[in-house]
Amino acid sequence: MALRIGVPAETAAGERRVALVPDVVKRLTQQGMSVRVERGAGAGAFITDAEYEAAGAQIVTREEAWASDLVVHVQPPSEEEIALLRSGSVYIGFLSPLDRPEVVEKLARQGVTALAMELVPRISRAQKMDALSAMAAVAGYKAVLIAANLLPKFFPLLTTAAGTVRPASVLVLGAGVAGLQAIATARRLGARVSAYDIRDAVKEEVQSLGATFLELPFEVPDAQDVSGYAKALAEEKQRQQAQLLVPHIGRSDVVISTAQVPGRRAPVLITEEAVAAMQPGTVIIDLAAPSGGNCVLTRPGETVVHNGVQIVGPLNLPAEMPVHASQMYARTLLAMIQEFATPEGFKPDFEDEIFKGACVTYNGEVVNERVRALLAA
Ligand code: NAD
């Protein structure tokens, strides 16, 4: 029997994405795989059951979708959902494995082979499977739109009969994937953009997008690890860094902060003093809110107003752009499925760097060292 791929609906609050879109379903069914989509799974992303059927999928119940050979999902499964997975089946999705190791442990106990999309290594062969980057780009774009909407000012320079309006100044903290997309979006809206990152390696990318790279009199010789991520700073260095940023933040109309260090609390870059230096009406969009926030005043999932400064701590911006976010996510899943599955079945390959990196459970065991260490702690 052909490999059965299940697409259960998302049940996490506010989640509107769906793991596979009809275009991707069609590619999989044409390759001889069978795709089973839970009734209504695409509704949040404006995809009807009829569209999935036209692409070759079968519409099934929630239980049937979860009981497939290979289950693809966006959000980590709940305990109840894990219980619906068959022993010996494969699960691919975001798992927040370093924040929620207990979910990984439960998947192992259920006998499920699980692959965490967050752990796909960032090597060039895996670029098409890089779901984190795809979602970060959506978040960076959306963050700027939210800021533009909240700011009681124009973004662009305007020369009108009623006078000249100066462009807004946008400061982007952390110029990774989300930050670079935020820079590009804010530039397109006509703002004056500057950006700062601990990794000097991004300076040219920032400049090529038309932004100014902020150089602080602050040396971090080995800020980047082998996989291109930033390393955590010692506490004293972090304090020094936040202090140096105060005047730059104070001059900004909008601050989009995206600085993260995988598996750690987000670094504090925006202190209370920095917020106090900003004008009333200005905006901070803290994309690091899910990992504690770059601003000390951020409340994850909420918008707080402090002395007139609006501080937004969104937890899931990709869910607010479900059409393209689902399309992009589905493409990364398609690449994973094509790499490790055939219509005959799923082929675990621990010799493969991508498989080894992403696989967190196998044969009833947690196989990722970092997750194991967290569970043992
Ligand atoms: P991320 O979300 O982990 O962090 C966002 C940014 O915050 C990073 O640029 C990081 O340097 C920065 N940051 C962390 N601590 C900071 C601090 N104290 N002060 C200022 N900035 C700080 O990162 P990301 O966007 O997921 O990716 C980071 C990098 O990984 C990319 O820029 C790229 O070099 C690399 N990458 C490679 C691939 C690939 O080769 N396939 C794909 C995506 C990303």
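**Reading helix packing and a ligand site**

Modeller: Happy to! Let's start with handedness: helix α6 passes helix α7 in a right-handed crossing. Please keep in mind that this is a predicted model.

Colleague: Which quantities describe two packed helices?

Modeller: Two packed helices are described by the angle between their axes and the distance between those axes. Here, the axes of α6 (residues 131-150) and α7 (residues 177-188) come within 7 Å and cross at roughly 40°. The two helices, α6 and α7, are therefore oblique to each other.

Colleague: Which residues make the contact between α6 and α7?

Modeller: On the α6 side, look for S133, A136, A137, G140, Y141, V144 and L145. On the α7 side, they are V177, A178, Q181, A182, T185 and A186. Sorted by class, this contact of α6 with α7 has nine nonpolar, four polar and no charged residues.

Colleague: Let me try another pair. At what angle do α6 and α11 cross?

Modeller: The axes of α6 and α11 cross at roughly 170°, and they come within 9 Å. An angle over 145 degrees counts as roughly antiparallel, so α6 is roughly antiparallel to α11. The crossing of α6 past α11 is right-handed. The contact is formed by A131, A134, M135 and V138 of α6 together with A325, M328, Y329 and T332 of α11. Those residues of α6 and α11 divide into seven nonpolar, one polar and no charged.

Colleague: And how do α1 and α11 lie, roughly parallel or roughly antiparallel?

Modeller: Begin with the numbers again: the axes of α1 (residues 22-30) and α11 (residues 322-340) come within 9 Å and cross at roughly 15°. That angle makes α1 roughly parallel to α11. By class, the contact of α1 with α11 holds five nonpolar, no polar and three charged residues.

Colleague: Now for the ligand. Which residues come nearest to it?

Modeller: Of the 24 residues around the ligand, the nearest are R122, V177, D197, R199 and Q241.

Colleague: Where do polar atoms of the protein and the ligand approach each other?

Modeller: In the side chain of D197, an N or O atom is 2.6 Å from an oxygen atom of the ligand. For Q241, an N or O atom of the side chain is 2.9 Å from a ligand nitrogen atom. With Q260 the backbone takes part: one of its polar backbone atoms is 3.4 Å from an oxygen atom of the ligand.

Key: Residues numbered from 1 in each chain as written. Predicted model: local features only at pLDDT ≥ 70, side-chain atom pairs only at ≥ 80, totals over all residues. Heavy atoms only, no water. Axes fitted to C-alpha atoms, helices over the stretch in contact; angles between N-to-C directions. Helix = DSSP H or I, 4+ residues; strand = E, 2+ residues; numbered from the N terminus. Parallel < 35°, antiparallel > 145°, perpendicular 65-115°, else oblique. Nonpolar A, V, L, I, M, F, W, Y, C, P; charged D, E, K, R; others polar. Near = heavy atom within 4 Å. Polar contact = N/O pair within 3.5 Å; in protein donor to acceptor, adjacent residues only side chain to side chain. Left-handed = near helix turned anticlockwise from the far one by under 90°. Contact = heavy atoms within 4.5 Å.
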